[in-house]
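Subject: Structure for you to look through

Dear colleague,

I am handing over the structure we spoke about, and I would be glad if you opened it beside this message and followed along as you read.

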Amino acid sequence: MKTRPRPDTATRRPVSSIGLARGNGSRAAGLAIALAALSGAVAASILIGAHPVSAAQVYTAFTDPTGSDTDRIVLHLRAPRTAVGLLAGLALGAAGTLVQAITRNPLGGPDILGVNAGAALTVVLAIAALDLVSFHGYVWFAFVGAAAAGVVVYAVGSLGQGGATPVKLALAGAAVTAMLGAVTSAVTLLDLTTLNEFRFWSVGSLGAADSAIAAGLLPFIAAGLVIAVALTRSMNALALGDTLASGLGARPHLVRGLGGAAAVLLAGAATAAAGPIGFVGLMAPHAARALVGADYRWILVWSAVIAATLLLAADVLARIMVRPEELQVGVVTALVGAPCFLYLIRRHTLVRL
Amino acid sequence: MVSSVSLARAGVPFPGAVAALSTLVLLVSAGCADSGQDAASDAGPTLDNCGIEVPAGEEPQRIFASYHNAIEMVHALGLGDRLVGTAFLDNTVLPEYAEAQEKAEYYESLPSKEELLRLKPDLVVSGYGSFTDDAFGSRADLAELGIRTWQFSSMCPAEDGLGQADLVPGEVTMDDVYADLEGLGELTGTGERADEVVAEMRSTIDGVQERLADTAERPRVGIISTGDDGYRVLGSNDIATDVIELAGGENVFDDISGRLTQVGAEELIACDPEVLLVLTCCGADVDESDADPEITEMLDDPALAGISAIEDERLHGFTFATSSASVRSAEAVEQVAGFLHPDLFE
Amino acid sequence: MAVHKTGPVRGDRYQVLPPDVRAVRAGGAALLLHVRALVLVCLFSAAALAAGVVSLGMGDYPVPLGEVVLALAGGGDPISAHVVTEMRLPRVASGAGVGAAFALAGAVFQRVVRNPLVSPDVIGINAGASAGAVLAITVLGGSTMFTVAGALIGAFASAALCYLVAYQGGVSGYRLVLVGIGVTALSSALTSYLLTRAELHDAQRASIWLTGSLANRSWSHAGVIAGALLVSVPVAVILARRLRLLELGDDMARTLGIGPDGARSALLGSGVVLAALATAAAGPIAFVALVAPQIVRRLLNESTAGLAASAACGAMLTVAADLAARSLFAPIELPVGVLTAVAGAPFLLVLLARANRIGRSG
């Protein structure tokens, strides 16, 4: 008794003329618009907040600081926050693109590689066992945990014959995430102080990291971005399926390995800087795909820009929506991003992975 | 409750029947859950506590206290030797109760219901919400098993079996604390001691008021708990505002409601408090000194350098237990007055 | 495969039965019994029963075995009786029911979607139920009924929202999954937000619920899940026959006059109802929906859906996991969800490491 084979997405060619922007001219123009939007978000992030600040004051804060309240707010609160948001957003967008390319899984955001779960577990252990209750104490633990989890997921996904296929990677990610999550729950339930600290970290926030931490994570993010850009052509080949890709000269396993490493670097750094922000890295590649089609050279850039814009805009909203109280950015990204995402799915042709 | 339309959309066959059946099941189960509500309302003196009649005939001999405020109130009434178990301390107990505290079993968080039954208490006193289905069960349930219960009257849930669900708690004042002391004292046969404690608290507060009579200064105070991204503050309808005002100050977060509401650093800068009290919590060995690392971090933070409290270095550690409505509240007034008017109080 | 003529033949209709299957006939109706599956059902049920019985005797409140028996019979010391019949027994009953429901939902999903990775959570049921339950615990006080109702409303609301947004003249699997992600993200954000706004103690209660816990289950919970099983199991079983035909492939099914899409939707719907009600009763207990059907699949050949066996397996796994969670770190009681995740994840990894293809489209 044979079943009829279902259409195998592996052998379907990506159609590069799908998407709102067809042709490189309109894509470039669109990118300029997207970058303008990003700049707008950056400006908004610096200018908007509980304390009114004008553009002139921002200028003097950077060029001629006098120790006034405004200068302090701009230099030590808003600027670092904006920098963290920009970096984390770019990193998440790129990481999401990489993950979806190497796992060919539309459900995949960066956290599918276990990055968030790994960071959460090490943070919780650092708080519980080492009494490190401040962000500066556990930020590097988060990075190490994220990276370690990513490595474990990749290693486990490569077990057995065939190496790291998309299905096995996805399964490995799900299994490792669940296991780490369970241990994290156990620890937080056994120690109330840890729960109290952890529940605020786990919604994600751009204000916890300062310029020093952002500067420390910058090399990792830069490295990840460079690798990602270098891999875009290979990612296009990979989308055709392993056999065709090898035929075209790309080496699937190498590409997946490098791509995975870059994704872990990027997502790990973003999670360390801003806590686990789950939705952005998942949605941005889909949005990019709906707008520019299936060419990863464009998707990567667009995805990074969209993610950064979304993150910064969400942070601005989080600060002003319920003044004088504050929401957390991780909450707002989903509240704002999910409806946009649903709208996109409903209205536009979806490009299959 | 379950829309048959949504079920139909989900492709469930006979959606109307399924919806009706599941609603029926829920209602029946709810009905079964409610059947234990008949409280024994027969003869014997009773005391009203949160709308529930608590039999007051015999003095309880085996007391379980949960949450810091309840634990210390039981100690204050001299009942420390009748304690069989305690749970959920926010900070170290007051030194005078330390010895009695050691003798009872201590649990870091609420023990399971079976564990509670193993201790065979005849009275459970709770400072916050312990009488929910997933903790000790409702007060009616425990009453059926012969266990009396007492809930702090400032924290009455809307209905028996519900938890501490208010995101914005109602007004809590010193009078609530006195009422609880007197009620609990009557229940446990320590009415005299309760009156003494209340009198002591009143006189402490009156003493503070006297010393403050001549000064017009009312420094702006903020009570905060530090977090990664912003601060959680005690707002206007918390007892902290009462305490601050009795101590001759003003709560700088007066326009924010609630207990531990999240605000950003910019808000803190805008409010510009003159004195900051940094809360420490949660554990049997946590005291004021645990705030020191956080205070140092705030003093070093360049963003906050313009705040009056930081410039004058008027930051103090403050235990969460002292900031809550409890027998410590009079002491809290004295302590805060000492921070606000150091020249008047040694 | 040999053709067995069984019973009177009408015209040219032959009954073709695979090996291991017997037909029981009564007055014109026939019930196909898959012998191996039946054996498994009995084995798993017996194991579940054994674990349940042990569970009745274990706990922080010491109840000697004699007292347990007395309590079950209706007598004994009132507090012991209360502990055994009002606390431990409903816990075991709920555990078995919830396990069966999750496993059944998982089996249904895996058979219809033909992908072993798919759990009912893909359209956001867990996340929706979690948001609803945490809302009930942190805002409404969290009594049993509020929490169960909240979880139910959340689960169905998110499933409905998912379906509505994905529906465009039909539902494509790909679109449904993507919409599910969006809806899940919304629900998770709401849950996280509520956790930060709650009092610490309420946050702790909510966190326990979120890991999946059978602690403090009462007969109300057991009633809810019993109701769910009562309604959904017949539906699933009746549709199981259609499921078999579905597996002949869409073409064949269409030839036989059964709309594959309609039957698929109905089956998925029953899976959704089961998963939603199970989550409402005990929180999202990880991996039972994924693991139980896989275990059964490996033990049976694939000629039967193995729904009953999956359900029994799920019941056994959950009751046993709860027993372990209560006793491993005594006196500290871990929620059952922690144990199922820690044990279930390696199982999944073992599935991975095997070279065989998983399912038909793995």
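What follows is an account of what was found in it, taken topic by topic.

Please keep in mind from the start that this is a predicted model, and that every value below was computed from it.

Let me begin with chain A as a whole. Its secondary structure comes to 13 helices and zero strands, and so the run of elements from the N terminus on reads α-α-α-α-α-α-α-α-α-α-α-α-α, a pattern that rests on helices and strands being read as DSSP runs. Chain A has 353 residues, of which 57% count as buried, and its accessible surface comes to about 13,200 Å², with 66% of that belonging to carbon and sulfur atoms. If you look at the contacts in chain A between residues at least 6 apart in sequence, 74% of them join residues at least 24 apart.

Arg199(A) has its place in helix H7 of chain A, which covers residues 192-201, and at 6% relative accessibility Arg199(A) counts as buried. When its neighbours within four places in sequence are left aside, Arg199(A) is in contact with Leu195(C), Thr196(C), Ala198(C), Glu199(C), Leu200(C) and Ala203(C). Leu190(A), in contrast, is partly exposed, with a relative accessible area of 44%, and Leu190(A) lies in helix H6 of chain A, residues 166-190. Together with Leu328(C), Phe329(C) and Ile332(C), Leu190(A) forms a nonpolar patch on the surface, and the accessible area of these residues together is about 400 Å².

In chain C, please look at helix H12, which covers residues 307-328.

Next come the disulfides. A disulfide is a covalent bond between the sulfur atoms of two cysteines. A search of the whole structure finds two of them over all chains. One joins Cys50(B) to Cys156(B), with the sulfur atoms 1.9 Å apart, and with -85 degrees about the S-S bond this link is left-handed. Cys50(B) lies in the loop between strand S1 (46-49) and strand S2 (52-55) of chain B, while Cys156(B) lies in the loop between strand S7 (148-151) and helix H7 (174-188) of chain B, so the pair ties together parts that are 106 residues apart in sequence. Cys50(B) is partly exposed, with a relative accessible area of 23%, and Cys156(B), at 30% relative accessibility, also counts as partly exposed.

The other disulfide joins Cys281(B) to Cys282(B), with an S to S distance of 1.8 Å, and with 90 degrees about the S-S bond this link is right-handed. The peptide bond from Cys281(B) to Cys282(B) is cis, with omega near 5 degrees. Cys282(B) is found in the loop between strand S12 (275-280) and helix H11 (292-300) of chain B. Are these two cysteines buried or exposed? Cys281(B) is partly exposed, with a relative accessible area of 27%, whereas Cys282(B) is buried at 16%, because buried means under 20% relative accessible area. With bonded cysteines counted along the chain, the disulfides of chain B follow the pattern 1-2, 3-4.

Phi of Tyr67(B) is near 80 degrees, a positive value in a residue other than glycine. Tyr67(B) has its place in the loop between strand S3 (63-66) and helix H3 (68-76) of chain B, and Tyr67(B) is buried, with a relative accessible area of 2%. Asp272(B) likewise has a positive phi, of about 45 degrees, although it is not a glycine. Its place is in the loop between helix H10 (265-271) and S12 of chain B, and Asp272(B) is partly exposed, with a relative accessible area of 21%.

Technical notes
Residues numbered from 1 in each chain as written. Chains lettered and ligands numbered in written order. Predicted model: local features only at pLDDT ≥ 70, side-chain atom pairs only at ≥ 80, totals over all residues. Heavy atoms only, no water. Patch = residues over 30% accessible without salt bridge, like charges linked within 9 Å, V, L, I, M, F, W, Y side chains within 5 Å. Areas by Shrake-Rupley, 256 points an atom, 1.4 Å probe, with all protein chains shown as cover. Salt bridge = Lys/Arg side-chain N within 4 Å of Asp/Glu carboxyl O. Helix = DSSP H or I, 4+ residues; strand = E, 2+ residues; numbered from the N terminus. Buried < 20%, exposed > 50% of the residue type's maximum accessible area, 1.4 Å probe, protein only. Expected span 1.5 Å × (residues − 1). Contact = heavy atoms within 4.5 Å. Disulfide = S-S within 2.5 Å.
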